[in-house]
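Please open the structure in a viewer and keep the selection panel at hand. The stops below are meant to be followed in order.

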Amino acid sequence: DLPTAEEAYNFFTFNFDPEPQQQPRRKKRHSRRREAEEEGEGESGEEDEEKEEEEGEEEGELEGEDDEDLFIIDQSAQDFLEVKRAEYIGYSRRLQRERETLFVPSMRPVPASSKLPENVRPRYLEEEGLYVGERPPVCLTNQNILENRILKQAEGRKWFGDDGCIIALPDPINESSSRPPLFHLEDELDPALQAVYRKALKTKHVNLYITGMGDPQADYQLDVDASGLIFSHHPLFSREHVLAARLAQLYDQHLTRQHKNLTRLLTDKVTQKCANKTKLPALSQVTQQRIAEYKQEVRHTRQLRDVEQEKDRALLKSIIRVWKELKALRDFQRFTNTPFKLFIRREKVDREQDEQEFENDIIAEVSELEAEAEEDYQRKMSEYRRQHEEWKSWKRKQKKQKKKRQQEEEEEDEESEEELGEEPEKPEPPEKPDMGDLEEQVREKAARIHRKPGEPVLIPELTVSGPVTPNEQCPRAEFARREDVAKRALFIKVLYNDKEVSRTDSRTLNMDFRVHFGQIFNLKIVNWPESIKLQVFESVGSSSSLLAEVCVPVPESSILTGSAPFEEMEFSSNQRVTFNHEGVGSGVPFSFEADGTNTQTLLTSGKLSWKLSCCVSWAVGEDDVPLAPPSSQPGGGMYSGLRQMDAIACIGASGLNDMKKLGKWAAESRLDPNDPSNASIMQLLSVVSGGDVAVPEYFRLEQLQEEFNFLTDEELHRCRRFRLLRLRSQEVPEFRHFKCVPSMEREISEKVFQDYEKRLKEGEIIDTKEHIDAHRALVAKYLQRVRESVINRFLIAKHHFILSDVVSEDEVPSIGLLGWNLFKLAEPKRPLKPRRKERKKVTAQNLSDGDIKLLVNIIRGYDIPIRRPYASKPPVSAKSGRSFAEPFTAPVSSHTPQQGSEWPFGQPLIRPFVEVSFQRSVLQTSTADGPNPCWNEEIVLPFSAPNGDYSSTSLQSVRDEVFINIFDEVLYDVVEDERERGNTIHTRIERHWLGSIKIPFSTIYLQSRIDGTFKVSTPPVLLGYSKERSLGSEGGYDAVRSRSEGTFLSLFITIEPQLVPGDTIREKFDSQEGERLLIASEVFEKEASGRFPDRPCLTTVIDINGKAVFVTRFIRPLTPPQELLDAFPNGPQETAELVARYVSLVPFLPDSVSFAGVCDLWSTCDQFLTLLAGDEEEHAVLLCNYFLSMGKGAWLIIGVAIPEVSDKPLSQSHINKTEGGKSQISVGEIMETHQWKSFEMDVKTLYFCMEPISGFPLHLPFSEIRPIIEAVHSTGVHKVEAPNVEFALAVYVHPYPGNVLSVWVYIASLVSAR
Amino acid sequence: MAELHIIGQIIGATGFPQNSLFCKWGVHAGGAWRLLSGLKEGQTQVDMPQTGDMAYWSHPIDLHYTTKGLQGWPRLYLQVWHQDSFGRCQLYGYGYIHVPSSPGQHRLQCVTWRPLGSWQDQLAEMFVGGGPQLRSPDLIYSGADRYRLHTVGMGTVELELCVILRHFDRYGVES
């Protein structure tokens, strides 16, 4: 349990005060006190004495020290310091002391006598009738305390009055508060002071700065051109002005209408459409439909034209009426205020032609109406006919029924009638339309809306040339009004984003109520424009009042100063103004009539910027660059994703964001493409349809990705460097070990990927070159794939670390271990018996080529085959041949040790040396003598990992093997000339292969060292050598000769520095076994490992699918192939041996190589025989199953040894206890060595004149060709350098059931006999 | 072929209510980005500082990206977790930070936040630990509809990142 940080801090910063030491002293004092009490003496005296005593002691001590200090140089700190106890005064003592010095006034009331001078009676002024103010209320206790205290003071009594109380002023507190109460009613609060609650709002202006304003070049300018002001009503208008303004307004309307000339346009349209209609041939369905449409259109257009015509006429009429009113008013008031004058021009027309046209028009319309009516009638008629038909049929039915009823059941007549339902009404035939009526209607309408034929065309013309009555001739009221007008002045304030930026000069109001400003304001803006306001102020004298406020829309960014049209804005104000002169005021009813009827109310209103008055636009810079901000601000944002929309932005239709709808609307409403007012829309639509602005139906997440891409995906894919980097990080086998990737693209050649691509491409193609048949190739491929998938699985699993993977922590030595170590110290040193020490382990990361070395220590050999006496005589060879005839049945007695002396040149029995080859480097020991040589030599071989990758995975998958070969060194005298023999030695050294040991590197790596005596795999037959046990012969006293059990070699192999082997995966595999079984097996495993911690215990193993399987599921009786059982029908022992041999012939493939750093995968016997490869478990399981089916008691024993060292199955790691307990290899070998005999005979017969130097059969189970070649190669037969040497080679493959092949390679090297 | 190296470390965290913390981290980049090598997510060890407030992790980050566009510049998202004395882990904060776009060494501070549950949640958290977590941790860097979320600020995670740009200038990106 760790302390918290706070506790720790407290611990380290805590001040350890010395414990107060006065405890015993106080006790002492207490006891003394008790004594004192007993003695009845005063305490204080004792105390003082005691103190004095103490002081005295201290002084004495100090003096003594001083004396010594003068002479002692070596002083320690303690000499200067003195430890004193903490001072403490007891509580009761402290109280006592305090009592001496402090005064605590009592709370009891003071007797009146002590407050007054002596012999004075208290005198109460109240009782004497004097007014005494009320004393302020004081708490009695406080008063007592105060009195007590004051009395203690000097002259304390002066504070007391005659009545014995403390002198006090009357209570100063007023009875009622002098300030009025603050309550009030809501209604009474001044409206100006009322507060309104507003919610907290985020300011909007923060983000509205125009982008890129940091850039000094980007300045934006807004030009506001306030050109003028015209009032359409003003409080100072006289009545005449009102009328004049109205007249002007109407005239304006008239002018605009005339400018548009809608009537003319529509008339033309009607005539044209009529013409079109007649042109169309009324044949096909389409054209008929077309005609119907035309008719519809013509009717519609005519209606429109009629409406327009009517409006025109009404307008003209009202203009004339207003003018008449104006004239009447002028007459009435006898002066004129306005210069307006209306002229009406008559334009003569050709009466004949006009009438003609009029008639034509009417006729056309009438005929049209007639046609329409006719159509209508026809439709109605057909409807009528249909109804009539129905009615008739109903009638008929009814009659029939009636008849029936009458015949059958007369009484139910009524009911059945009801059943038939209501009688349908008899349809009335429609009336034929009255054509005469139609014409009359048309004429009437035409008279109403159309100018009469022959009547002159009236064209009003308004001029301002009329004389205005001068001021002197006006009546008083009018004069006052004019005076008032002259006093008025107007100016305009320009507000930008609600801030006043500038104002115009104030201009006086003219008689015609027009003000011309003509000022242009250039606004340099920083903020995004939100609103531009113009405020119109009217000033009379020095005071000014706001007349109206006009909001000007912020212009589009395409509107520039040069091109901007002047716009007019209307405004009005609701101020009420009345005058006592002729001015009509504003918001006040007034009347034109003298009798006050027909009142009207007008509000001050007018047009700002009207008639060229105000214009807002973006300025143009000196270099013709518009100083407008980019339109991608608030509103324009929606276009940013759609580049195609730019066309619209050019046109300036900013509000149109749904082009589809617009197009649809345009199609539906049949916009006239020739109409100039539609021109912009038509253009827009053409742009839209042409540019295909269809808004994409899909939604793109990163819209501008493509626009902003640096390069395309393909380019990125093509980049070799990136590919290499990616493949490396994906740990693709070919690139996993790439250390450095060049930084330049050009430094990487295409070749790098060739292998990888080839592998990808040829994944499915099976290469049968390496394998004998397609089946094996297939199996190899399958194995490869399983390996890959398993490796991938485990690569992932390997990233699951546990604490010990990350933290390397030395184990805390236990007591027992310590004791053992101590005991070892006491052990006698034995320098002659050196021990191997534990070395420090090195993690594999920081290693490079050349750092790792393989140490092979060859200690000694046992029972190395000895040379057969060398003889060139045929009988010898024949003898040897005979000796092979029954090599295993009886010891060869013909070879006596005495023959050793017969060796040429007196050579010993054998001169063996050991050659170790590993990774293309070959080293050998010195040559020793005899069949039991002792080398004790260390061979150092360099090791380099594949691709320079020294990670543990890579090291585990190293498939290199250490070959340890034993050779016999044979010296031949090659001196040709007998005369030279005296002074020259000329010999040839030959080496003869005797046997070998193969140790895979992975074994060494995983075991970290290999120490022991190993059986050398020797060929069953060695030409020229005998495998006798020769121990006895050397000693000379052991007469017993036995066949050698084999050759052995003592080895010690290790890696320098010691590498940490990769751990096997501890991952839990999912299992299909039952939960109970798994738990039980786990319990068993735990129990077993508790009892025998050194022994491995397996309960579940992983099958080839990566599932955990209970181990006994692999063991089932399995019938061996029938051929094997038939081979020895009555020799069960032989059969058993043959079966064992069969199993041994299935090639070996250690798991640790195929599934590097993974685990043992167990395959079933079926999978094993299909794959024809497996390691010791599979072999053992298969053999066990075979034996079980043969009725033998067989057990599978799992142990630990140097794994997979030899190529013999069931070697040391798994022992199959068969009944006989015999070696399983013999029977089959006997069978097959017959072949060797014949081969040797062949050799002999062919080359009877030759001497074999060496020769042996190699026996291998078949997996691939490459290992066989390697095995042959490793024997070094080819290294014989004798002149005229010849080689003999024969291969025999013995087939076994189930594609199991036993391969024999017979090699001999021969030298021709002299 | 613009390349971006992000090399650095998650130094530690400070300002959390408890200081036995660990951190889950990840780098999120847009679709245009491709990871060439390096681990783009991981988890630090649990640091239980005996003194001081700061938990130190010194967790290395080494990433190599290539990109075909600037969009979706890599960002680092963090989850700080607390492991209590019972070994239970409890979320202490979410945070995210953009990888700096200028080359050089940067010392970054990533502030973190944590969703605040209802009062029942808070009460439960006080006594039995645990606490509200985001249903989809994508929200850390996507930030949609976050205004509904009630959060409480937690401590700060300190990072040190070195950014190396390569060949960005070929595409007009000045560094």
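The tour covers a predicted model and goes from a sheet to a set of aromatic rings and then to a surface patch.

**Sheet in chain A.** Select strands S19, S15, S24 and S22 of chain A; in that order they form an open sheet with antiparallel pairing. Strand S19 (934-942) and strand S22 (1009-1016) are at the edges with a single partner strand each, so one side of each has no neighbour in the sheet. From one strand to the next, the twist averages 20 degrees. Now keep S15 (residues 853-862) and S19 of chain A, which are joined by seven antiparallel bridges. Within this pairing, A:Val856 has A:Ile939 as its bridge partner.

**Aromatic rings.** Over all chains, the whole structure holds 17 aromatic pairs. Select A:Phe710 and B:Phe168: their ring centres are 6.1 Å apart and the planes stand at 90 degrees, so this pair is edge-to-face. A:Phe710 sits in the loop between helices H18 (705-708) and H19 (713-718) of chain A, and B:Phe168 in the segment after strand S9 (151-166) of chain B, so the pair joins two chains. A:Phe710 is buried at 16% relative accessible area, and B:Phe168 is buried at 1%.

Next select B:Trp33 and B:Tyr65, an edge-to-face pair with 5.9 Å between centres and 85 degrees between planes. B:Trp33 is in strand S3 (residues 33-37) and B:Tyr65 in strand S5 (residues 55-67) of chain B, 32 residues apart. Both are buried.

**Surface of chain B.** Finally, select B:Trp119, B:Leu123, B:Met126, B:Phe127 and B:Val128, a nonpolar surface patch with about 640 Å² of accessible area together. B:Trp119 belongs to helix H1 (residues 119-128) of chain B and is exposed, at 62% relative accessibility.

Methods: Residues are numbered from 1 along each chain as its sequence is written. Chains are lettered from A and ligands numbered from 1 in the order in which they are written. This is a predicted model: local features need pLDDT of at least 70, side-chain atom pairs count only at pLDDT 80 or more; totals for chains, interfaces and linings use all residues. Side-chain values use heavy atoms; hydrogens and water are left out. Two strands pair if DSSP finds at least two bridges between them. Helices (H or I, at least four residues) and strands (E, at least two) are DSSP runs, numbered from the N terminus. Axes are lines fitted to C-alpha atoms, for helices over the stretch in contact, and angles run from 0 to 180 degrees between N-to-C directions. Patches are made of residues with over 30% relative accessible area and no salt bridge: like charges are joined within 9 Å, nonpolar side chains (Val, Leu, Ile, Met, Phe, Trp, Tyr) within 5 Å. Accessible areas come from the Shrake-Rupley method with a 1.4 Å probe; for residues, only the protein chains shown count as cover. A salt bridge is a side-chain nitrogen of Lys or Arg within 4 Å of a carboxyl oxygen of Asp or Glu. Buried means under 20% relative accessible area, exposed over 50%, partly exposed in between (1.4 Å probe, protein chains only). Rings of Phe, Tyr and Trp (its six-membered ring) pair if their centres lie within 6.5 Å; planes under 30 degrees apart count as stacked, over 60 as edge-to-face and the rest as tilted.
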